[in-house]
Amino acid sequence: MTDDGAGDRLERVPTALQGRYDAIVAFTDQCCEQHLTEEYRDLCRRLTAKLCRKRPSPLATGKANTWACGIVYAMGRVNFLFDSSQTPYMRADELCSHFGLSASTGSAKSTAILNLLNSGQADPQWSLPSRLADNPVAWLIKVNGFIVDARHAPREVQEEAFRRGLIPYLP
């Protein structure tokens with residue numbers, strides 16, 4: 001198991017892929033420390049561990065810097081990193097150049113990752129924790145056939161939604 005940097009939980013990484021995880025995370029950590037935040041770093045570590053656990057793991061082949069770029073790029077897409085109205089903000093080509101890659105390579109790898117995860121922009125599972133409260137997708141639930149914002153539902157509905165893991169926390 002590998003410490004995810006948050007200090008309060010461990011990410012499971014298969015022993016056979018621990019070295020690969022370490023190599024990729026060295027790249028993602030450096031990028032996040034220089035240009036992004038600890039939250040991005042932690043998400044990238046969590047995503048890398050998840051990809052290591054996939055069977056077969058896509059991380060077993062290919063260059064570590066390419067996977068690292070795709071991982072940071074994917075988390076950037078989910079969290080609107082490339083939107084200049086957001087903080088932090090970074091252009092896609094700048095992100096990719098940090099890894100010595102073209103923007104098209106970074107974009108292609110991030111698309112492959114997001115497809116593997118069946119994920120996309122504003123996915124609550126991959127949102128920065130500091131942005132969950134403002135992520136409308138994280139709060140949408142179906143009640144009696146209607147989609148509602150759980151933050152405006154009665155408390156007992158919120159508690160049941162939280163118990164079922166449908167919302168990130170009780171508002």
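Reply: Two strands pair if DSSP finds at least two bridges between them. Strands (E, at least two residues) and helices (H or I, at least four) are DSSP runs, numbered from the N terminus. This is a predicted model, in which local features need pLDDT of at least 70 and side-chain atom pairs count only at pLDDT 80 or more, while totals for chains, interfaces and linings use all residues. Residues are numbered from 1 along each chain as its sequence is written, and side-chain values use heavy atoms, with hydrogens and water left out.

The part to look at is the pairing of strand 3 (residues 140-143) with strand 4, which run antiparallel and are joined by four bridges. Two residues lie between the strands of this hairpin, and Asn144 has a positive phi near 50°. Strand 4 covers residues 146-149 and includes Val148. Val148 is the bridge partner of Ile141. Leaving aside residues up to four places away in sequence, Val148 is in contact (heavy atoms within 4.5 Å) with Trp139, Leu140, Ile141 and Val143.

Of its 15 residues, 14 are buried, so helix 3 is largely enclosed by the rest of the structure. A positive phi also turns up after helix 3: Phe80, which follows it, has a phi near 60°.

Technical notes
Buried < 20%, exposed > 50% of the residue type's maximum accessible area, 1.4 Å probe, protein only.
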